[in-house]
Amino acid sequence: MTSSLHGAPALVARLGDILLRHQATIRHLQWAMVAIYAALLAVPLLLALPTHTDYLWNNAVRFAQFAFWGVWWPFIILATALIGRFWCGILCPEGALSEFASQHGAGRAIPGWMKWSGWPVVSFVSTTVYGQLTSIYQYPKPAALLLGGSTFAAIVIGARYGKAKRVWCRFLCPVSGVFGTVSKIAPLHFRVAPESWSAGDRQDGRSKAVNCAPLIPIKTMQGAAACHMCGRCSGYRGAIRLCWRNPASDIVHGSGRLATMWETVLIVPVLLGLVPAALHWSDSGLFQMIRLWLVERCLDLHLIWPLSLRLPWWILTDYPLENDVMTSVDAGAFLILLAVSVAAATIMFGIPLAASARILRMKGHFPHHLAQALIPLAAACLFSGLLSLTVSQLRSDGIVIPYSDLFRGGFVLSAAAWSVVLVFRIGTLYDLGLATRISAAIIMAVPITSFSIAWVGAFLS
Ligand code: SF4
């Protein structure tokens, strides 16, 4: 994805330069975000849980809930897909705190274990599951524990490793892998042109190296997945510019070609398997069936304790006054549901992916490049699922957004169509035969269409 920068539209490139020139303002903005974030986490802890007469506009607990789960989480995903990871580089309080700690910290070398490429998947899965087990969307204590704990870990990692770097964001942040994946479809990115780089060596007055906090080797940067869009490298050596791009280009011709197994794991079993189940488990008929089956097994075995044992709120949801307690059986049924959903997504998409790769004669390892075509679908699934929280929170306060379900349905189906087109376009790189590429696209269209219809049905029901 490297080409000359001469054609870069001046307006967008200027936006990158504005970011570069206003780093001090960005720093102030980040501290303001830290203050807002701390208030949203801490204030609800001091207040009673809301009752049915409390609304998001007259109750701080409800307001914080809505701010975190109704606005912050879904709309950062949407913004990342539309404009890239500006949130990470400009507004994220956790990244800012980690970098600040690193600036004043021990500056140790990054240990090898931290560079394991499976961490983004492991940390995302574990925080998602733990969040659901403790009902993070409903109660302030698990939200403070999980989000606050993540921020604390980000500060500790920053204070120990790297100098003015975001080691946490690059290797361990639970949502970094998801943001990186979703940002591949963003039409904005910082483009590097190595051929201009050497000329810039002689022309550009800025000889001082850029501090790229997420540790990207800027000169050879591929795509925008790891870039936090902070703007610090804008115009560097005349070779880096904020530019528009075709939203499919990174997946088809850029970093998608270098996709790894962990990226495929994040897209297929996690975003298309675990996430839908984790977001809709309480409404799931399958969950109720599994739960009933577990209850019957316990009764058959005269095991009563799994049906009644209550664990502390930081292990399983435990709010008896709210009539909201998760027993061991509920938790077991939830975990089985997740496992079933993960297995179903792996089989449902894995077999067609392998078949499509075979007819396209994609050589070597599993067709990770082809799996990248599922990114639009996975991003739309995540956004529309999270939007359920926004819609349900607003509905519980009497605010109904007209056509929101139709909008979500249309969004998912459009993304599904785009994923099929991407399969066809990726196929072009491997097989020039039109019939072969159409066959590969049709094979992949089967699970993509089935999944989309099932997912749209889940939130329309
Ligand atoms: S490559 Fe690094 S320095 Fe440049 S915009 Fe991205 S995060 Fe910032």
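A helix, as the word is used here, is a DSSP run of H or I covering at least four residues, and helices are numbered from the N terminus. Isoleucine 290 sits in one of these, helix α13, which spans residues 285-300. Keep in mind as you look around that this is a predicted model.

Let's stay with isoleucine 290 for a moment. Its relative accessible area is 11%, and the cut-off for buried is under 20%, so isoleucine 290 counts as buried. Leaving out residues up to four places away in sequence, isoleucine 290 touches Ala333, Ile336 and Leu337. For a sense of scale, go to phenylalanine 383, which is 93 residues along the chain from isoleucine 290: the C-alpha atoms of the two are separated by 27 Å.

Helix α12 takes in residues 261-280 and helix α15 residues 328-359; they pack at an angle of about 145°, with their axes 8 Å apart. The crossing of α12 past α15 is right-handed.

Now for the aromatic rings. A search of the whole structure turns up 21 aromatic pairs. Take tyrosine 37 and phenylalanine 68, an edge-to-face pair with 6.1 Å centre to centre and 90° between the planes. Tyrosine 37 is in helix α2 (residues 23-42) and phenylalanine 68 in helix α3 (residues 60-83), so this pair links distant parts of the chain, 31 residues apart. Both tyrosine 37 and phenylalanine 68 are buried.

Another edge-to-face pair is made by tryptophan 197 and tyrosine 236, at 5.5 Å centre to centre and 75° between the planes. Tryptophan 197 lies in helix α10 (residues 194-203), while tyrosine 236 is in the loop between α10 and β2 (240-244), so the pair ties together parts that are 39 residues apart in sequence. Both of these residues, tryptophan 197 and tyrosine 236, are buried too.

Most residues other than glycine have a negative phi. Leucine 215, in the loop between α10 and β2, has a positive phi near 60°. Arginine 237, found in the loop between α10 and β2 as well, has a positive phi of about 50° although it is not a glycine. How exposed are these two? Leucine 215 has a relative accessible area of 27% and is partly exposed, whereas arginine 237, at 19%, counts as buried.

Next, find the ligand. Around it are Phe190, Val210, Cys212, Pro214, Met221, Cys227, His228, Met229, Cys230, Gly231 and Cys233. By class, this shell has nine nonpolar and two polar residues, and no charged ones. Two members of the shell, Phe190 and Gly231, are also touched by glycine 16, along with Ser234 and Leu242, if you ignore residues up to four places away in sequence. Glycine 16 is in helix α1 (residues 10-21), and at 0% relative accessibility it counts as buried. Histidine 28 is twelve residues from glycine 16 along the chain, and their C-alpha atoms are separated by 18 Å.

Helix α5 (residues 93-103) is worth a look for how mostly covered it is, with nine of its eleven residues buried. Those buried residues are Pro93, Glu94, Gly95, Ala96, Leu97, Ser98, Glu99, Ala101 and Ser102. What covers them? The cover includes α2, α4 (86-91), α7 (140-160) and α8 (167-172).

Last stop: tryptophan 418, in helix α18 (residues 404-430). At 27% relative accessibility, tryptophan 418 counts as partly exposed. Beyond residues up to four places away in sequence, tryptophan 418 touches Ile185, Pro247, Ala248 and Pro376. The C-alpha atoms of tryptophan 418 and leucine 377 are separated by 7.9 Å, with the two residues 41 apart along the chain.

Notes: Residues are numbered from 1 along each chain as its sequence is written. This is a predicted model: local features need pLDDT of at least 70, side-chain atom pairs count only at pLDDT 80 or more; totals for chains, interfaces and linings use all residues. Side-chain values use heavy atoms; hydrogens and water are left out. Rings of Phe, Tyr and Trp (its six-membered ring) pair if their centres lie within 6.5 Å; planes under 30 degrees apart count as stacked, over 60 as edge-to-face and the rest as tilted. Helices (H or I, at least four residues) and strands (E, at least two) are DSSP runs, numbered from the N terminus. Buried means under 20% relative accessible area, exposed over 50%, partly exposed in between (1.4 Å probe, protein chains only). A residue is near a molecule or strand if one of its heavy atoms lies within 4 Å of it. Ala, Val, Leu, Ile, Met, Phe, Trp, Tyr, Cys and Pro count as nonpolar, Asp, Glu, Lys and Arg as charged, and the others, Gly among them, as polar. Axes are lines fitted to C-alpha atoms, for helices over the stretch in contact, and angles run from 0 to 180 degrees between N-to-C directions. A crossing is left-handed if the near helix is turned anticlockwise from the far one by less than a right angle, and right-handed if clockwise. Contact means heavy atoms within 4.5 Å.
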